[in-house]
Structures are given as C-alpha cells and as structure tokens.
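Please examine the sequence together with the structure displayed below. The paragraphs that follow lead through selected features in turn.

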Amino acid sequence: MMRYVITLQAPDRKGLVEHIANVISRHNGNWLDSEMRHFDGIFAAILQIEVPAHKCDELIESLECIEDLHLTHAKSTKPESPSHSLRYQIVANDRPGLVLQISNQLNKIGINIEQFSSQFESASHSGIPLFKASVVLGMDDVIDEEQIEQALFTLGDDVVIDKLD
C-alpha cells in the first residue's frame with residue numbers, strides 16, 4: 001500500500017463526499033485522514049489515503065471524472081511523530097497579517113506547526129471581527145510552554161491564548 005495526499009476542490013453539492021468515498025473504496029483505498037470544509041459555495045478537502053500502488057493512477061483518473069472536481073495529489077510517507085506536541089487556541093481581533101505574525105513567532109523559537117485551523121467570526125456582544133485559531137505545535141525537544149506563550153503574546157494586547165488538553 002502507498003500513501004497519498006490528495007487535495008480536492010469543487011462547487012459544493014449534496015452527495016459529493018459519498019461519491020469521492022465510493023471512488024476510493026472501489027480502488028481498494030483506505031481513507032486515513034481528512035479535513036473538509038465549505039467556503040462560500042466551494043467544497044475543499046485534503047485527504048490522506050492508502051491505496052495499492054498499482055491502483056493509484058486509476059484512482060486519480062476516476063476522481064478526475066467527477067464533474068467540476070479539481071485535484072492535486074502527491075505520494076507521501078508515514079512521518080515520524082514529533083516527540084512532543086502542544087495544542088492551543090488563539091483568539092485576537094482580526095487583522096491582515098496575523099497568520100504571518102503567528103508563524104514568524106513560532107518559527108523564531110524552532111516550533112513546527114503541525115495543524116492549523118482558523119475561523120473568522122464576530123464577537124457575540126460587540127460585533128468586533130475576531131480571528132480564532134486552533135493550533136497543534138510539534139517539536140522534537142520539550143520546550144518551555146511559557147516561551148511559546150510569550151512569543152505569541154508579542155502579537156498584541158488583544159491576544160488570548162488557551163492551552164488545550
């Protein structure tokens with residue numbers, strides 16, 4: 001079995017995930033991991049699958065036959081897990097460049113972003129635009145959690161950081 005990462009994008013419609021899952025199943029594939037979202041009428045997904053090596057090209061061709069579906073794919077390998085990971089939720093007033101600032105601060109202290117999921121929403125009482133992110137950080141060495149939080153607090157007085165788990 002070979003591992004592949006596939007990204008998909010299509011106009012959203014009912015039954016699309018089922019159609020994709022049927023194609024993967026018909027080619028003896030195993031759906032390992034995924035993130036799927038709906039953005040302004042567009043379905044977007046990242047899938048990690050395992051499939052017999054001799055079936056990959058046929059699987060990709062079958063996915064490409066799904067109406068209006070655009071995809072990319074790449075062979076992957078099972079990565080070594082970081083020896084230590086931490087999960088945080090970050091909330092701040094929304095502003096351009098915030099993801100760049102977060103990634104810069106974490107990179108400066110040698111932290112890898114393993115997973116990043118963000119949302120834009122309005123604060124419930126004030127209507128102020130908020131940025132919310134759930135972040136999983138991976139590192140080979142145990143790092144002082146206070147160092148991570150101090151790096152993130154340099155983003156501004158409006159930043160709220162909660163360690164999860």
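Where in the structure is the place of His27? His27 lies in the loop between helix 1 (16-26) and strand 2; helices (H or I, at least four residues) and strands (E, at least two) are DSSP runs, numbered from the N terminus. The model is a predicted one, in which local features need pLDDT of at least 70 and side-chain atom pairs count only at pLDDT 80 or more, while totals for chains, interfaces and linings use all residues. Residues are numbered from 1 along each chain as its sequence is written, and side-chain values use heavy atoms, with hydrogens and water left out.

With a relative accessibility of 4%, His27 counts as buried; buried means under 20% relative accessible area, exposed over 50%, and partly exposed in between (1.4 Å probe, protein chains only). Its side chain makes a polar contact of 3.3 Å with the side chain of Glu58. A polar contact is a pair of N or O atoms within 3.5 Å; within protein, one must be able to donate a hydrogen and the other to accept it, and residues adjacent in sequence count only if both atoms are side-chain atoms. When neighbours within four places in sequence are left aside, the residues in contact with His27 (heavy atoms within 4.5 Å) are Val51, Pro52, Lys55, Glu58, Leu59 and Ser62.

Four strands, in the order 2-3-1-4, form an open sheet with antiparallel pairing; two strands pair if DSSP finds at least two bridges between them. Strand 2 (30-39) and strand 4 (70-76) stand at the edges with a single partner strand each, so one side of each is left without a neighbour in the sheet. From one strand to the next, the twist averages 10°; axes are lines fitted to C-alpha atoms, for helices over the stretch in contact, and angles run from 0 to 180 degrees between N-to-C directions.

Strand 1 (residues 2-11) is joined to strand 4 by seven bridges, and the two run antiparallel. Along this pairing, Gln9 stands opposite His70 and Val5 opposite Ala74. Strand 1 also pairs with strand 3 in the antiparallel sense, over ten bridges, and the bridge partner of Pro11 in strand 3 is Ile42. Helix 2 (residues 56-64) lies across strand 1, strand 3 (42-51) and strand 4, and runs at about 160° to strand 4.

Another histidine, His38, is found in strand 2. At 47% relative accessibility, His38 counts as partly exposed. The side chains of His38 and Asp12 are joined by a polar contact of 3.3 Å. These two residues are 26 residues apart along the chain, and their C-alpha atoms are separated by 7.2 Å.

A further open sheet consists of four strands in the order 6-7-5-8, again with antiparallel pairing. Its edge strands are strand 6 (112-122) and strand 8 (160-164), each of which pairs on one side only. Neighbouring strands of this sheet are turned by 20° against each other on average, direction ignored. Strand 5 (residues 84-93) pairs with strand 8 in the antiparallel sense over five bridges, and Gln89 has Asp162 of strand 8 as its bridge partner. Helix 4 (residues 145-153) lies across strand 5, strand 7 (129-139) and strand 8, running at about 25° to strand 5.

Which aromatic pair does the structure hold? The structure holds one such pair, formed by Phe116 and Phe131; the pair is tilted, with 6.5 Å centre to centre and 35° between the planes. Rings of Phe, Tyr and Trp (its six-membered ring) pair if their centres lie within 6.5 Å; planes under 30 degrees apart count as stacked, over 60 as edge-to-face and the rest as tilted. Phe116 belongs to strand 6 and Phe131 to strand 7, so the pair ties together parts that are 15 residues apart in sequence. Phe116 is partly exposed, with a relative accessible area of 29%, whereas Phe131 is buried at 6%.

Cysteines remain to be considered. The structure holds zero disulfides, a disulfide being a pair of cysteine sulfur atoms within 2.5 Å. The sulfur of Cys56 is 14 Å from the closest cysteine sulfur, that of Cys65, which is too far for a bond. Cys56 is buried, with a relative accessible area of 4%, whereas Cys65, at 67% relative accessibility, counts as exposed.
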